[in-house]
Amino acid sequence: HGDVAVKLAVGAASDLRSTTAQDLTQRTLIGPTSVAGCFATIDPAAQMPVERYLLSAKKGDTYHLSVEAARWGSTVDPALTIVSADGKEILRNDDAADSVDIHADFNVPEDGLYEIILSDLSGSKPSLANVYRLAVEDQENASEFTLQAPERIDIPLGGTVDLTAKTLRRGTWDEPIVLTLEDLPAGVTVPPLPASPNAKPAEAVPSSANNPPKRSKKAGPNEAKITLAAANNVAAEAKLARLVATTTIKDQLVVRRSRPILISTTLKTRCVVKSAVQDGGRIVNRGTTYPADVIIERLEDYNGTVELQMAATQQRQRRGIMAPNLVVPAGQAEVQYPVFMPEWLETNLTARMNVIGIAQVPDPLGNIRHITGIMDGFIVMSLEGALLKLTHEPQDHVVQLGSTLEIPLKVSRNVKLPEAVRVELVPDANFADAITCQPVVVPTSSQVTTSTLQIGSQPHLVGKRSITLRATALQNGRWPTIAETTVPIVIVSDKQ
């Protein structure tokens, strides 16, 4: 008993409706044409949702093919393949620059029938709601354009940055494309630029909302730069903005919006992190903790604390290399940053770690912001063999519910590690407190020990299990050296 707003798309001609017939001769298209269909069944051969058509075309025909789904709110991620009558793949296309929808040009090489294969790569369950629209248009009359914008832009407070927008026209229409931005962060504006006496109005560089930026009328790919400025007296914040392109095609107003652009206003970096060893790397043993010497250089008169963190993106895979978050006190310029190297790392590759420094600084409105400073260079480590090894005898371990199991262990140390070793059970979320083990300490005079497992009486423990035991020694009384061994056990009920 209420009202609802419905958005309808209208065109100059009616779409064909896809048929359920599997015979391709009943699914023959003659361009230009358009078809509305859906991915409602699984193709037995491809084992995924697939729709097939035949296109009758002549040599020299030039078509523009578009497959639209996201435009209509569909979850379909279409892919397009065109195959000739002799089975040769002529064209393959997936996502457009600004959407999962497809835009592709097809120049017909020979007279004949060409199979158009549409696939849904979204992984969605086939459904009548998984709609798409296939349009086959003459390239000359394919009046369309696409819009591309960056995913993110950072603007320093009080500074400027250029946002580059790219457009691609199809067809012969020559109306200018007007670019505007919506939902900008507070304090971000598009300042007017001084007019150039030699500039042509149709090629004007984007300026302000009162003087909208225009793209040149030249067909094909074009780009325009929009200068964004951030005030220096507002809160630093991030917001999802959109680039809006507006034009007229064949007397119809056409509006395109880009994907969301993360626009952030930022503060200046307050620190730079450097490795004290700039050239080459240090020799580090597997399974040990490397105390890397790090230098912190503070900027912009900042003298507060700096938190060092292992960067999420490394030059190579992390491979299990770990490092903690370490707070460097105010005024301190040097620190040892502990980097743990797992015992399984290969010795034929150097390891490089990137670290960031984080300073907490208020923005102009007093909001505390976390300002990052990336490391200048890398902490570089060349790997050698392990200093510590924990092993168990390869034998069957069978234990009943509610009883104990003794596992003999051997601890091997390098002469560089004359330290006592603590052996303990590594917690497993699947067992929680159902399997426990008291830690044992192996003195420097011994190489063997026994870990005693206490098995709970919970029925879900029955079956083949793997438990991990960890040996830890403190190198130089401070830096952990770790080795692990995984022991397979079989837990049986007390009735067996």
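I looked up the charges in this predicted model. The mean positions of the 48 positive and 55 negative charges lie 3 Å apart. Lys and Arg count as positive, Asp and Glu as negative, while His and the chain ends are not counted. Each charge is placed at NZ of Lys, CZ of Arg, CG of Asp or CD of Glu.

I noted the ground rules. Local features need pLDDT of at least 70 and side-chain atom pairs count only at pLDDT 80 or more, whereas totals for chains, interfaces and linings use all residues. Residues are numbered from 1 along each chain as its sequence is written, and side-chain values use heavy atoms, without hydrogens and water.

I looked up the secondary structure and found 38 strands and 0 helices (DSSP runs: E of at least two residues for strands, H or I of at least four for helices). The radius of gyration, taken over C-alpha atoms, is 33 Å, well over the 23 Å that the globule rule gives for 496 residues, so the protein is more spread out than a compact globule. That rule is 2.2 Å times the number of residues to the power 0.38. The C-alpha trace spans about 90 × 70 × 55 Å along its principal axes.

I checked burial (under 20% relative accessible area, 1.4 Å probe, protein chains only): 42% of the 496 residues are buried.

Of its 55 residues, L308 and I379 touch the most other members. Another core, apart from this one, has 30 residues, including L388 and I455.

Definitions and conventions. Buried < 20%, exposed > 50% of the residue type's maximum accessible area, 1.4 Å probe, protein only. Core = buried A, V, L, I, M, F, W, Y, C linked by side-chain atoms within 4.5 Å.
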